[in-house]
Amino acid sequence: MNCERVLRNIDDHVDGLLPAEEAESVRDHLDTCRDCRETAAASKAASTSLAVWGDLDPPSACFDQIMAKIQALPPETLERGAARNARRNVAPTHRRILRWAVPSVAAAAAVVVAFVGTEHRAPKSARVPGAGPVAASAIASPSGSRAMLADGLYPGYERVHLDPNAWLQGVRRSDSGTNQLTRPRVVPAAQFSDGGVFASPR
Amino acid sequence: MNLRDPETFRKAYEAHSKGLFNLAFRLLSDRQWAEDVLQETFVRAFTRADTFREGGQVSTWLYRICMNLCYDHLRARKYRMAASLDAPAQAASAAADGSATTWAAVLPSDTVEPATEIADRDAAICVRRLIDELPERERTVVVLRQYHNMTFQEIGEILGLTARTAQNCLRRAKDKLYFGLKQAGLAPAVGM
């Protein structure tokens, strides 16, 4: 038996909970290993010192006091408990997954939307025929960008079909302060129903 | 098992009240608090009996309720002690005129009832102090293991830990206890 295994069983050994055969192996190891022997001695000393606390009996009137408290409870307390339990009547594993998955997915979706919305703004130079308030807001959103690409409204860009499995590529900020796509980007198919279409500079 | 059945409830009380009372007493170091926690444990077990899952162990469920209530009390005590430190002058004057309301004055936690039954009172006080200084989780593992003879598996179920983590907690706690006792010159001499 090596030190690691002995240390794993040392508390059970000290408390006399190990099966006889394993206890014998531990004792054999302790005879030859000084470090483990010291650890065992410390554990034994701590256990011995803890024995100074005896057991106490709860006060005899305690049960009657508990029953008095229960009888004094308003009836709706018990009904509330039942209602709460009915709400929780979902499999525990599902409940645990839902508790973490829903906020996580929501947070991830928010990050993706914010990122895509920021990076896919149209260049300042883009001129939209008949641009008004509605067209301007459409430019700032991914779906608006897609619609404008489809209509050929981004001068200097063209539609390309991308491999949806390709890695996301970088974005370079131009001198004029606008974001320009230097390489084709992959956009999740969920946002681009035609399976990943975006623009690259001509 | 339906804990709202009076007979079942009484049997559960008779089977587990002593263990729960001692767990609370050892975690809180205060007899009155331990009694309050014991009562609250069974009231809560009654009102939330419908949350007990069939097939589970009543003892594990009751110990978990009791342990959580003890943690609530310990946090409340810590908060109140911090609050009383903010107004030491007020506390001193209240203690002087007998109208003390600070936590330490109302519920002194240094009374050592079981130690009166043993010869080495100093060791008992030292052990209690060292256990009080342990982190909540380590303290609970020590108490459940040493006084309630629970396996690491059972302790893990109550505390929501793996058996290995519970074992490591006990190891750390025992090391701290041993070195604390050694520093105080109270470590019992044992031969392995």
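## B:Phe21, a buried residue

At 0% relative accessibility, B:Phe21 counts as buried (under 20% relative accessible area; over 50% is exposed and in between is partly exposed, with a 1.4 Å probe and protein chains only). B:Phe21 sits in helix α1 of chain B, residues 6–28; helices are DSSP runs of H or I with at least four residues, strands are runs of E with at least two, and both are numbered from the N terminus.

Setting aside neighbours within four places in sequence, B:Phe21 is in contact with residues of chain A, including A:Leu56, A:Asp57, A:Pro58 and A:Pro59, where contact means heavy atoms within 4.5 Å. On chain B, its contacts include B:Arg31, B:Ala34, B:Glu35 and B:Leu38. B:Phe21 and B:Asp36 are 15 residues apart in sequence, and their C-alpha atoms are 9.3 Å apart in space.

## How the model is read

This is a predicted model, in which local features need pLDDT of at least 70 and side-chain atom pairs need 80 or more, while totals for chains, interfaces and linings use all residues. Residues are numbered from 1 along each chain as its sequence is written, chains are lettered from A and ligands numbered from 1 in the order written, and side-chain values use heavy atoms, without hydrogens or water.

## Where the chains meet

The contact draws 47 residues from chain A and 44 residues from chain B. About 4500 Å² is buried between them, with 65% from carbon and sulfur atoms; buried area is the accessible area (1.4 Å probe) that two parts lose on being put together, summed over both. A:Leu50, A:Trp53 and A:Leu56 supply 21% of the area that chain A buries against chain B, more than any other three residues.

Six salt bridges are counted between the two chains, each a side-chain nitrogen of Lys or Arg within 4 Å of a carboxyl oxygen of Asp or Glu. One of them joins the side chains of A:Asp11 and B:Lys174, at 3.3 Å from N to O. On the side of chain A that touches chain B, the elements giving two or more residues are α1 (3–14), α3 (34–50), α4 (62–71) and α5 (75–87). Of these, α3(A) gives the most, with 13 residues.

## Cysteines and a loop residue

Zero disulfides are found over all chains, a disulfide being a pair of cysteine sulfur atoms within 2.5 Å. A:Cys62 is buried because its relative accessibility is 0%, and B:Cys169 is buried at 1%.

B:Thr51 lies in the loop between α2 (31–47) and α3 (58–86) of chain B. Its relative accessibility is 25%, so B:Thr51 counts as partly exposed.
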